[in-house]
Amino acid sequence: MSIFGWQKIFKFTLVQQVKTKSFIISSILISVLVLTMTVLINVLPGLLAPAAGAVENGPQAGQTSTVYFTDASGITASSDYQKIFEDAGMTFIGSDGADKAEEYTSTVRNGSGCVFVLLTYNADTGYSIKAMRPLDGSVSPDDSNAIAGIASSAFEELRLEKLGLAQDKIPSAIAPVSIVNTVAGEEEQTFAQQMINSILPMITSLILFIMIVAYGQLIAQSVAMEKTSKVIDLLLISTKPLAVIVGKVLAIGALSLMQFIGFIVVGVIGFAATLPLGMGLTSQALAGVDGVGEFTDAFGKLFSEFSPLTIIMILVIFILGFLFYALIAGLIGATVSRSEDVNSAMQPFAIFSVVGFYLAYFPDMMADGSQSFLKQLAYYLPFSSPFSLPSAMLTKQIDMLQTVICVLILAVFNVVIALFVARVYEQLILHTGNRIKLSELVGFVKK
Amino acid sequence: MALTVKNISKKYGEVTALSDLSFEMSKPGVYALLGTNGAGKSTAIRIILGMLSKDRGEVLWNGGPIQPIKEKIGYLAEERGLYPKYRVIDQLTYFGELRGMKKAEITTALNYWFDRMGLNAYRDKRADQLSKGNQQKVQLAAALISDPQLLVLDEPLSGLDPVNADLFKSIIYEQTAKNKYIIMSCHQMPVIEEFCSDLTILHHGKTVLQGDLNEIKKGYGRVNLEVKCDGDILPLAAECGLVPQEVTPDGVHFKIKDEQQAAALLKKAVDAGLTVVRYDLREPSLHEIFVEHITRADNAAKEGLA
């Protein structure tokens, strides 16, 4: 099975596909969409700043002028809270016991710029702070929530004090306890690292999945078109079927990579160009985790931990995974005799790729996901390993030796499937008539 | 230089598509592969061109197994194929590159064929913007671009208007004059008679007639008589023992046993004072030979089944 001449088919297919209207239009439209989305991520929340500002700045006297407070905790009194709220610029009206709860509820419901805080105790459920705001919308849910927060913090300290704890011991008594769970000898992951470690693998696999679905269809269409237009007769006097399919699959693979890299570049440029505006969600999120520096550090740390070999391996897995599915798409294209049959013929392909994708991610959703049998299986099966291996490598759930074994299995399957596809393609390429069923393919190989 | 086809056979499951086809082209010229639809012509051509594997037999070119990818071969397929959305110039350049031609060679060849076929106005058009005839010209250009030594033309004239048919014929004549080896499959028998010296007629994958066309015709002798008179010749023909095969406004067609029978009818017509407008004593046409052999093969098959 010679592949002599595949480079000419590769070059021609690539150049002609780039010239097609569908490629040009989809490239422009998706680029504009990506650019718009990345710009909006930074700009849109900024444009809605007046609404968001109230949340950031906490309760203001102008918005919440009066706080009604009923203390039915049995441990503190409403007067304990008066100074705290008055210092925040609000009028404080308090009562002890639940007697006035109904009255305050009615007053606040029909009032404006006031909040009613009800502190209660239940033997089964413990303490509860309920913040109620007026019907007229003069106080936002965030504002009333912030007032409840103030009451809650104050209650934490006051009850310890009432129970006899010295004032100087209270901060240490209410200090939060954080739980750190790491592999022995390794450092704790920051929030940014955790984010990157969970999002990056998903993005990698998602990109591969989208490429497989979108470009698999294109490969099948291209093969079917060559067959239905009878051009293949002319090609086969100059080259072999394997060269035709290899040239086409690699060309469309390269095209898809080029297009995807283009989208990513456009997205990064749009995001980076509007980030300095500091108006959007990203800047707020970054502010919450000690700024851009932490993310930059996390990215730097992530990539510094990977050897060039790891990065090359991920790239190889990506390419082998795409080729695996692309060859199958080419085979499906060869089984049809009419272009309009391609869509229905591709349905099993879509199901196959979805199963591969979910097999890679489903174990993560399970409680004991990290070491489950399904997860290990996903590493070794060639239709799921392209989705699961990159994330496993990035999150260090798999060592290099196991990775190499899984990649070798994927590579061997690629060779086997390429030979199978070439053999079937050779038999099917001149076939006309009904679409070949899956069960009939093996018969073609035997011939 | 010679093309030798030896006992090539091909089966699809239980169906025999081609059975022991053998022929030889020891000198340049046009060889005809004829047959009804599904007779095995396209299968034979695809095997000769290496596109289809064979179950048995061999195809030799210059004494060695034919290697279509390496040889200078051109092919015009029966079912025309061009990329509908790609420019004509791009497609032909691609086909030239696949045949191993250099850029400059392709440019020279394309300039010649675009001029020769009147395609200059269409070089930058997409294939689906061309008429059927022009698409066919582009495909012939694709077959000829590498100046092939062996040219396979499957139904080259089907669907062409008379002007373009003449253009194609003149190109085939040119190629013949350049000592090319041409295999032609065509349902238009007069075209075959015009170009081919040797032929094979296939039916259900089997060879039912093969040889030099002139020799085959001579073997039949002049057994066809076409007569047109200004009066009724049928009573006179009956007196000579002749039964009309076909009566048309253009005359009456008789099958004769020998030329004396024809001479007797002519004498009777003259004696009867009829004006003989046309008197044509000829060998059977290829069309007649073709139909006769196919019918004979079908009848033999029916008898075999019975």
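How are α17(A) and α18(A) oriented to each other, roughly parallel or roughly antiparallel? The legends below, which describe a predicted model, begin with this pair.

**Figure 1. Packing of α17 against α18 in chain A.** Helix α17 of chain A covers residues 385–394, and helix α18 of chain A covers residues 400–428. Their axes come within 11 Å and cross at roughly 160°. Angles over 145 degrees count as roughly antiparallel, and α17(A) and α18(A) are therefore roughly antiparallel to each other. The crossing of the two helices is left-handed. On the α17(A) side the contact holds A:S385, A:P386, A:L389 and A:M393, which meet A:T403, A:C406 and A:L410 of α18(A). By class, the residues of this contact are five nonpolar and two polar, with no charged residue.

**Figure 2. Packing of α13 against α18 in chain A.** Helix α13 of chain A spans residues 308–335, and its axis comes within 9 Å of that of α18(A), crossing at roughly 20°. Angles under 35 degrees count as roughly parallel, which makes α13(A) roughly parallel to α18(A). α13(A) passes α18(A) in a left-handed crossing. Residues of α13(A) in this contact include A:M313, A:I317, A:L320, A:F324, A:L327 and A:L331. Among their counterparts in α18(A) are A:V407, A:L410, A:F413, A:N414, A:I417, A:V421 and A:Y425. The residues of the contact divide into 20 nonpolar and four polar, and none is charged. A:T403 and A:L410 of α18(A) take part in the contact with α13(A) and also in the contact with α17(A).

**Figure 3. Chain A, the setting of the helix pairs above.** Chain A contains 19 helices and four strands. Of its 447 residues, 34% are buried. Among contacts in chain A with a separation of 6 or more, 76% are between residues 24 or more positions apart.

**Figure 4. Packing of α2 against α4 in chain B.** The partner of α2(B) here is helix α4 of chain B, residues 132–144. The two axes lie 9 Å apart, at an angle of about 25°. That angle makes α2(B) roughly parallel to α4(B). The crossing of α2(B) and α4(B) is right-handed. From α2(B), B:V88, B:L92 and B:F95 meet B:V138, B:A141 and B:A142 of α4(B). The contact consists of six nonpolar residues, with no polar and no charged ones.

**Figure 5. The side of chain B that touches chain A.** Here 24 residues of chain B are in contact with 17 residues of chain A. β6 (73–76) and α2 (88–98) of chain B each supply at least two residues of this side. α2(B) gives the most, with five residues. The residues that chain B brings to the contact are 16 nonpolar, one polar and seven charged.

**Figure 6. Domains of chain B.** The domain assignment places residues 3–217 of chain B in domain 1 and residues 222–282 in domain 2. The centres of the two domains, taken over C-alpha atoms, are separated by 42 Å. Along the principal axes, the C-alpha atoms of chain B fill a box of roughly 75 × 45 × 35 Å. Chain B has 10 helices and 14 strands, and 37% of its 306 residues count as buried. Residues 24 or more positions apart account for 69% of the contacts in chain B with a separation of 6 or more.

Conventions:
Residues numbered from 1 in each chain as written. Chains lettered and ligands numbered in written order. Predicted model: local features only at pLDDT ≥ 70, side-chain atom pairs only at ≥ 80, totals over all residues. Domains from an automatic or database assignment. Contact = placed C-beta atoms within 7 Å. Nonpolar A, V, L, I, M, F, W, Y, C, P; charged D, E, K, R; others polar. Buried ≥ 20, exposed ≤ 12 C-beta atoms within 10 Å, placed from the backbone. Axes fitted to C-alpha atoms, helices over the stretch in contact; angles between N-to-C directions. Parallel < 35°, antiparallel > 145°, perpendicular 65-115°, else oblique. Left-handed = near helix turned anticlockwise from the far one by under 90°.
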